[in-house]
Amino acid sequence: MRTEQKVKKYFEESFSSDLKAGLITAVVALPLAIAFAIASGVEPVMGLYTAIIAGMLISTFGGSRYSVSGPTGAMTVIVLSTVNGHGVEGLLLAGFLAGIFQILFGIFRLGKVVKYIPLPVISGFTSGIGIIILIGQLSNVFGLVLPAREHVWETVYDVIAGIDMMNILALSMFAGTIILMLLLPKALSNIKYLKNVPASIITLVLSVILTYRFDLEIPIVGEIPSTIPQIHMLDINIGLMYAVLPAAFTIALLGTIESLLCAVVCDAMTNTKHNSNKELIGQGIANVILPFFAGIPATAAIARSAVNIREGAKTRISGIIHSLVLIGILIFFGPIAQYIPKAYLAGILVLVSIKMVNVDEIRTTMNISKMDTFVLLTTFALTVLTDLVFAIQAGMFLSIILLFIRLTNIIEVQSMESYDPSEGINATILADPYLKDNVAVYTINGPFFFGAMAVFENKVDEHIHMSKPHMIIRMRYVPFIDTTGIERLKSFILTRKGTGHKVYLTTVQPEVMRSISSDAVLNKLMQDKDVTIFKSTQEALGYLQERDGNR
């Protein structure tokens, strides 16, 4: 009875809103699914299959209530690269493996890790993909029938070489699409019954009518089978699996980033909170199943999800309705869709690609940090000129290197000469001749990793001419110590031991102390009193005074 009441309440309160949102989202998704499939070098119907299956599965199993998934612009470049390198079967296998990766990401609760990928890497990577999509559409802009290329310079060369064959009608269709897409939203907003109609749909209908009615000689999508997705068995073999593994991991990582970013955007628009790990599992389930129905890798789409929310979606049912509407369009309007001009799709994709280049983020990065600018521009250039796998690996590597440089720059090592001689530690030392002649105190501020140890040793070397037998290292402001830091600390203590000198560590944080205690060599050094730990520096000084008094 309780279930029946919930169903009744849903139909009374939310179904009409979800129905409207799902319907309009499907209408918006239709041309995009076809456009992204063509840009990816696969059959248009594969894009529709992807939108249908991914939209239904991810809306059901995902962790974001409002996200709508399907083929996206960000995925087209890696999909095209995989198709060019390994064929459609290689792509389907890569998508399957990517889904497994995403499920594992979710199971091992790695959803929150993605937010630690630096913005310059994401911005440079996304902007580079946008430029690749734009250049990839030049052949459709000029109405040229050219093969899909893996590298942008090959596409540019082909377009320049074939520019004398330019189709003026196709170029006019492209220009008209751009103009209508920019002007219609404002014009429709003043018309009561049309203000909710997407500009892309009106532009699509006009382009199809013009192409069909006047039999325009321009490249079109071509025949689209009016059938529901059929089961397709994968060609699984070890050789192909090994070959597509890098592409699969890139697809998984890119899909993870875009899906979680989309979920964050949806949260901001609706004041809700998504489950990042559940979202990754939902995305993974869809990408594992999609290849068995000739679907390409999918991810959450920010534009379609925003439309879904704007049109009043209340629950995840709207995403399922969006898929059901697409099935209806495929079955009943497939023959009409074949007349969609590729120049119209080029207009849609060019606008999408321009939005992917976030000028504000790039400008902000350039104004704030030269190092971040270097990472952004390098990631951007490598994305455009090499391949996505190498670009994102290089971007992450550069970010890690720059992070270490920044951590090293914030590390400060102070000797006791930096402190007021009339109070605190210095007052205690200067008041005792033995301490004054035999004790050196250094304070480390910042994380204690390999870069920190180099800074510390440089500071000690500055005072090597007045090296003293007892060295106190204050570690109150050291939040963590890494493995390299432990090794360098051991080496430093052993070097001091060889000269007959002692090291004392004071105010060690619990996390750092756990790391030190877990090392067998340091434990042995502590047992032999070659290094001693004190709760405070004053306690260490008291110990040395007492030791001197017992001599």
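Student: Which residue lies over the face of F214?
Tutor: R213 does, at 5.7 Å from the ring centre. The rule asks for NZ of Lys or CZ of Arg within 6 Å of the ring centre and within 35 degrees of the ring normal.

Student: What kind of model is this, and how are residues numbered?
Tutor: This is a predicted model, where local features need pLDDT of at least 70, side-chain atom pairs count only at pLDDT 80 or more, and totals for chains, interfaces and linings use all residues. Residues are numbered from 1 along each chain as its sequence is written, and side-chain values use heavy atoms, with hydrogens and water left out.

Student: OK, aromatic pairs. How many?
Tutor: Seven aromatic pairs. Rings of Phe, Tyr and Trp (its six-membered ring) pair if their centres lie within 6.5 Å; planes under 30 degrees apart are stacked, over 60 edge-to-face, the rest tilted.
Tutor: One of them is F534 with Y543, a tilted pair at 5.3 Å centre to centre and 45° between the planes.

Student: Is F534 buried or exposed?
Tutor: F534 is buried, at 9% relative accessibility. Y543 is partly exposed, at 31%. Buried means under 20% relative accessible area, exposed over 50%, partly exposed in between (1.4 Å probe, protein chains only).

Student: New topic: α2. Why is α2 called largely enclosed?
Tutor: Because 19 of its 25 residues are buried.

Student: What comes after α2?
Tutor: G41 follows α2, with a positive phi near 80°.

Terms used. Helices (H or I, at least four residues) and strands (E, at least two) are DSSP runs, numbered from the N terminus.
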